[in-house]
Amino acid sequence: MRKHTERTAHTERTLRLPRTLAATVMGGALVLTGLAEPSWSATADAAATYPGQGPCPPGDYQLCINGGPGGFTIRGRTFTGHDNAILLRNVSGVTITGNTFKNLSGRTGYAGVHVKNSSGIVIRKNKFTKLRNAGHMHGVYLVNTTGSTIAGNTFSSITGDPVRIRDGSRDNSVTGNTFTRSGTYAIFSEWRDHKKGETCGAANTIKNNKYGPGYYGTPLPLIRWGGRGSGKTGPDKLTWKTCKTPTITNKGGNTRL
């Protein structure tokens, strides 16, 4: 944390700035550079934080938001070198755009953007690349999340399915993205832990995307829904289409690269 001293004709103030910010005085006005989004706070101390931001739970996340008013944007940042990047919980109206998520890998890795119990999340025009672990690493992972949009992103070299929903997620759309060498089971998949009482989702859609083979070079289906179980054999074998009705619908316009 650096200090910057601003002098005016009447007062002298010391502002504590995050390491990523620089300050200059132009025409008597303090100008901050290196800040991706305008601050919603009147104080310089809060300029580098987001509403609801706080300590992260176990799992090696880089940015965690739990609750708060929502309605803000996370823009222009690079997340790398950890197991996961962003965790959003109990929030609505957050937009994540123009960010890069790369080289995320680790035993506790879930996703570049991991969302729980939230709504109205917009994830657009981001780059997700080289997200890898034993097959469970996703680009975007929505858990009990509704009314969200994943649009115009690029996903490449991701071991898990690039978009995964879980536990009653509904009314989410995956539109206009490009997927290359990503996915183990599908481009857009749904899974639930039935042992925990998690429920099937509904009314999720995929359309107008471009896609190639999966991470291991083999063709993948666009969607797989109603997944449950985790093993390769036995009573807990991973199976699909276990919900009464399809929870993800192909709306067309998807093309192979």
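Modeller: Two strands pair if DSSP finds at least two bridges between them. This is a predicted model, in which local features need pLDDT of at least 70 and side-chain atom pairs count only at pLDDT 80 or more, while totals for chains, interfaces and linings use all residues. Residues are numbered from 1 along each chain as its sequence is written, and side-chain values use heavy atoms, with hydrogens and water left out.

Biologist: How many helices and how many strands does the protein have?

Modeller: Helices (H or I, at least four residues) and strands (E, at least two) are DSSP runs, numbered from the N terminus. By that count, the protein has zero helices and 25 strands.

Biologist: Which residue in β11 is the bridge partner of I86?

Modeller: β5 and β8 run parallel and are joined by four bridges, with I65 opposite L88 in β8. β8 also pairs with β11 in the parallel sense, over four bridges. In β11, the bridge partner of I86 is V113.

Biologist: Which strands stand at the edges of the open sheet of seven strands?

Modeller: The order is β7-β10-β13-β16-β19-β22-β25, with parallel pairing. An edge strand has a single partner, so one of its sides is left without a neighbour in the sheet. The strands at the edges are β7 (78-80) and β25 (255-256).

Biologist: How many residues are in the largest nonpolar core?

Modeller: A nonpolar core is a set of buried Ala, Val, Leu, Ile, Met, Phe, Trp, Tyr and Cys residues joined through side-chain atoms within 4.5 Å; buried means under 20% relative accessible area, exposed over 50%, and partly exposed in between (1.4 Å probe, protein chains only). Strands that each supply at least two residues of this core include β8, β10 and β13. Those with the most contacts inside the core are I74, I86, L88, I96, F101 and F128, and the number of residues in the core is 38.

Biologist: How far apart in space are G98 and I74, C-alpha to C-alpha?

Modeller: Contact means heavy atoms within 4.5 Å. Leaving aside neighbours within four places in sequence, I74 has contacts that include I86, I96 and N99. G98 lies in the loop between β9 (95-97) and β10. G98 and I74 are 24 residues apart in sequence, and their distance in space is 8.3 Å.

Biologist: Which strand supplies the largest share of the lining of the largest pocket?

Modeller: On a 1 Å grid over the protein atoms alone, a pocket is an open set of points where a 1.4 Å probe fits, with protein on both sides within 12 Å along at least five of seven lines, and lining residues have an atom within 4 Å of a point. The largest pocket has a volume of about 740 Å³, and of its 27 lining residues the closest to its centre are H136, Y141, R164, W191 and S230. β11, β14 and β17 each supply at least two residues of the lining. The largest share, three residues, comes from β14.

Biologist: Is D171 buried, partly exposed or exposed?

Modeller: D171 is in the loop between β17 and β18 (173-175). Its phi is positive, about 60°, although D171 is not a glycine. Most residues other than glycine have a negative phi. With a relative accessible area of 43%, D171 is partly exposed.

Conventions. Grid points are joined across faces, edges and corners, and a volume is the space filled by probe spheres set on the points.
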